[in-house]
Every structure is written in structure tokens, then in C-alpha cells.
Amino acid sequence: MSEVEAEVEQSHLVLSPHPLQRVGAFALVALAAREDFSQFRPQDLPKAMDQVLADSVRASVRESKAADGFWQKVSLSFFPNAPMNHPGRRKGKGPSGEPKTDKDVQDAVRSWLRIPDSGSWPNAGCALCGRAAVGFYGKRDMALAESEAYRNTTPRGHDGTALCWPCLCSFYALPYGCQLTGGSSIALHSWDDGFLASSVRRRVNRNLQFSLAGTAPKPGGRVKEVVALRALRSYGERLTDGVELLVFNNNNRGQLLEKHRLDQPLAEWLRKTCRFGDLRVAFTALVRAHASSSTQGVVSLARNAFRNPERIVGQGVGFMAGSLLGPEPDHAELVDVAKLICSFADEVLLMNEKDRSEIQATAKKLAAVLYPETSRGRLREFRAQLRNSRQLRSWLLSRDVVFLGREDAPFEGPLVSEHVMVLLFDPSQDNPSWFHRDLLLAGVVEELARLGWTAKDESEKPDDEVEKLREDDRKWINSDDDDEENER
Ligand SMILES: [Zn+2]
């Protein structure tokens, strides 16, 4: 390859298999004001880097604790040993032999963020994309590479990671693509390039405001799981891959890398659900179901999605039962929530359709049994049995016996088929019996709601009343996509 060809190659941005490089590469695309990665031209790389350089030069002479020092503080979690951040950057003497001036500090930043002279390039391939590297890099220039166990310091006798200029620039642009807190940073990554491009562009636009003024975003918006939920809500296309949250800090005082993942079916289900449309009522109810006096519903819902997705259904079903047993159940809302729970079964758990419809048929029969009851007692009793499979099994069998062969039976055939018995009670690993029992309760409540059932025992205290929607959840649900100050 000729020298000219080699230099041309150093202006072509590529996407490597490294998630943080990919986030940084899309940040460069947004900084160059390109809509799409495919539109990024070689001349865009210096244009994007001019922005990085201008912000770094400005931040390098500010103090991280000052009111305008946010970008300086942010750089601490990315490049703590670089000339823009190192605590010793203003100590010692400048080239003239005099004590360092602001200009000396800023010149050092300029030479840090410049492509090395081609004469100094090593004869090595970039560790991320395989093209010619322009040098070896370690902690000063790259955020944590693989895991916290990898300390990201270059061992003695080792030159560091070989990187080409565009891959290196991606790391320099990484802060713009992250949710910045001043401490650990949060990068949202996906192998779905369309989603990644869109979520990074939104972050870049927001972070440019903070880099210019140097002021910090208002507190709030720091719940990492909600960062993902908000990005999903803002994306109008179908997701083709899962979503990863990378929480990291390159700070010398405590390096960190945590990874959290949403698989594609769940990420796509959440995206559709929280984008409202027909699901607005059900999503709002689901948020209410997750709220407590100490925790916002949106926060709890997002945490469940990452840590324990099945609990989303449990919370939703609990809400449904509580609402129906309350003084003024909203029947239409209950039907909507039931639909949402069914969509979770179909789309996230990929439940067999025949199994689901058999459970729903059983739920309808049970609802027909419970409908004539005017008090809350029977439904409460049924709900309580769900937690104890032995009791529930004998309760169901006893209902079957009551109506067996009776002409006035409110349903035909047996109440619970043998197959549904297996679905509800088989403890084997591949049968989520707890979930099937939740579905059964959801189906019973849905059917009673369709029939317009309301408890008549007004003298009895309806202790099942569900909480109203929290004000901060209402704001989150109604806010603009970029509003992230309503999360705590
Ligand atoms: Zn490379």
C-alpha cells in the first residue's frame, strides 16, 4: 500500500465488533451531522474531531468541581491520564521553561488528539478492525476494553492495544454517545445499527449542550435501566436485536464495567408497549402496578425488565386482581391489561398458542362460576389459592365435583382439562407453572371485567384498592422523549 493510500485508509470509519467503539463511531457520525453511517465521508472524520478537540481544549483549563467544569469532570471517567484531565497537567514548566500557562495545557491537548505522524506508525494491524494501526494505546485513550478484571493498564514490556486512527477517534468521541453522570457513564449498545444510530444521535445532541456550557444536567435521568427504556420509547422501528447496557468507569480510583442485557423479544415488546398508541392505558396501568411509596413505577418496571422480566407479569396480574376487588374497578382498563399480559406470553415467552387458549378457556369457566358471587370473598379465596399449588388443585377439583352432571352447570365439560392441570401444576423445569397460574388469574379477572362484575359487599373494607398513578410517573409517561429529569 502506498503512503497516500495508507493515509486515505486512516479517514475511513468502520464498525468493529467492540461495543464501545461502535457507540463512539455512531457518535462521530452524529457529530459530523450525518443522518446515517453510510453517509459518513472521509472528510467528516476531521470535522467531527474538530468538535471533540474544541470541547476538550475548553474543558482542559476548567476545574471539575467548578460550575462550568462538567465536561472536565466527565472526562475523568474516560481519560483520567490524558492531558485534558491529568491532575498534573498544569504543574511543572512549559516549553519556554516558565510555569505552564493555559495555552501550554491546551497545546498538549491539541497534540494528544492529533493523528500521529505516519513515520511513527508501527507495523501492526488495528486490534479492532485489522487495518494499519497508528500506534499502541492503553488507559490514557481507551475506556475499559472487556471487563473490570482487565485493568486496562498496559503491562510492562507491552506496547498496548494497536489501533487505527478512526477506531481511536471512536473512543475519543465515546463520551458524546453516553448517558453522562459525572461518575460512571452509561452506554446503550445494540447490534441493531438503526437503533444504535438513533439512540446515540439523541444522546449526542443532548451532550453537546453540556459540553458547550460545561454545566451538568439536572439530577435525575441516572437510573441506568430507565436509560434503556427511554431510548426504546423513542425508537419508531422494529428492533432486530437485543439491547445491552454498559455501565463503566475508567477512573483511576475505581474502574468499573457492568453489563446488563435485554434479549430482542423482550426489548421489542417493551418498545412497543411504552410507545403507547393502543397500549397507552395498559402501559400506564403497568407503571402503576410497579410503583411503591419509595420507588417510581417506571424505575421499578425498567429494573424488572433487566433483572427479572417474569415479575412484570406478576405485578400486572396483582394489579388486575386488586383493581377488580376495589370499589370502582375500571373494567375497560382491566381488559387492556389482560391483553398486554397475553402479548407478553406470546411475544416474550413464545408460549404455545394452544396452551394459552386452553388456560383462557378454563379461566372463562371459572369466571362463570365466580360471577354470581356478590361478595369479594370467593375471588379473594381463589387468588390466595394460586400461591399454593396443592390447595389450588384441590379447590379446582372440588368445583368440578360440584357441577359435575348438573344441568345448571355454568360451563360444559370438565372445569379443568388434564392438559391444563399439567400446565398449572407440573413442576418440571420446562413448564413455567407459576406463570400459567398467573395467566389463569388474569383470564378470570378479564372475563369478570367483561361481564361487568363489581363486588356488592360495600360494608366490607375493600383493602385491595390499587395505588393511584404517581405524579412523577404521570410526568414520565406524558413527557417529551428527551425529558429525563423525572426519574429517581
Ligand atoms: Zn481500527
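How many nonpolar, polar and charged residues does the lining of the largest pocket have? By class there are three nonpolar, nine polar and six charged residues in that lining, where Ala, Val, Leu, Ile, Met, Phe, Trp, Tyr, Cys and Pro count as nonpolar, Asp, Glu, Lys and Arg as charged, and the others, Gly among them, as polar. The model is a predicted one, in which local features need pLDDT of at least 70 and side-chain atom pairs count only at pLDDT 80 or more, whereas totals for chains, interfaces and linings use all residues. Residues are numbered from 1 along each chain as its sequence is written, and side-chain values use heavy atoms, with hydrogens and water left out.

**Pocket and cavity**

On a 1 Å grid over the protein atoms alone, a pocket is an open set of points with protein on both sides within 12 Å along at least five of seven lines, a cavity is a set where a 1.4 Å probe fits but cannot get out, and lining residues have an atom within 4 Å of a point. Grid points are joined across faces, edges and corners, and a volume is the space filled by probe spheres set on the points. The largest pocket holds about 480 Å³ of space, and of its 18 lining residues the closest to its centre are S64, L76, N85, N251 and R253. The largest share of this lining, three residues, comes from α4; helices (H or I, at least four residues) and strands (E, at least two) are DSSP runs, numbered from the N terminus.

The structure also holds six cavities of 30 Å³ or more.

**Zinc site**

The protein donors of the zinc ion, lying 2.3 Å from it, are the SG atoms of C126, C129, C164 and C167; donors are N, O and S atoms within 2.8 Å of the metal (3.2 Å for Na, K and Ca), and since water is not among the atoms, sites may look incomplete. The arrangement is tetrahedral because the four donor atoms subtend angles of 100 to 119 degrees, the criterion for four donors being that all angles lie between 85 and 135 degrees. Along the sequence the donor residues are spaced C-x2-C-x34-C-x2-C. C129 lies in the loop between α5 (102-112) and β1 (135-137) and C164 in the loop between β2 (161-163) and α6 (165-173), so this pair ties together parts that are 35 residues apart in sequence. C129 is partly exposed, with a relative accessible area of 25%, whereas C164, at 1%, counts as buried (buried means under 20% relative accessible area, exposed over 50%, partly exposed in between, with a 1.4 Å probe and protein chains only).

| Strand pair | Bridges | Direction |
|---|---|---|
| β3 (residues 185-189) and β4 | five | antiparallel |
| β4 (residues 243-249) and β5 (residues 256-262) | seven | antiparallel |

In β4, V247 is the bridge partner of I186, while in β5 the partners of L245 and V243 are H260 and L262. β4 and β5 form a hairpin with six residues between them. Seven of the seven residues of β4 are buried, so this strand is largely enclosed by the rest of the structure. In a regular strand the side chains alternate between the two faces of the sheet. Both faces of β4 are covered, with V243, L245, V247 and N249 buried on one side and E244, L246 and F248 buried on the other.

Definitions and conventions. Tetrahedral: all angles 85-135°; square planar, octahedral: opposite > 155°, others 65-115°. Pairing = 2+ DSSP bridges.
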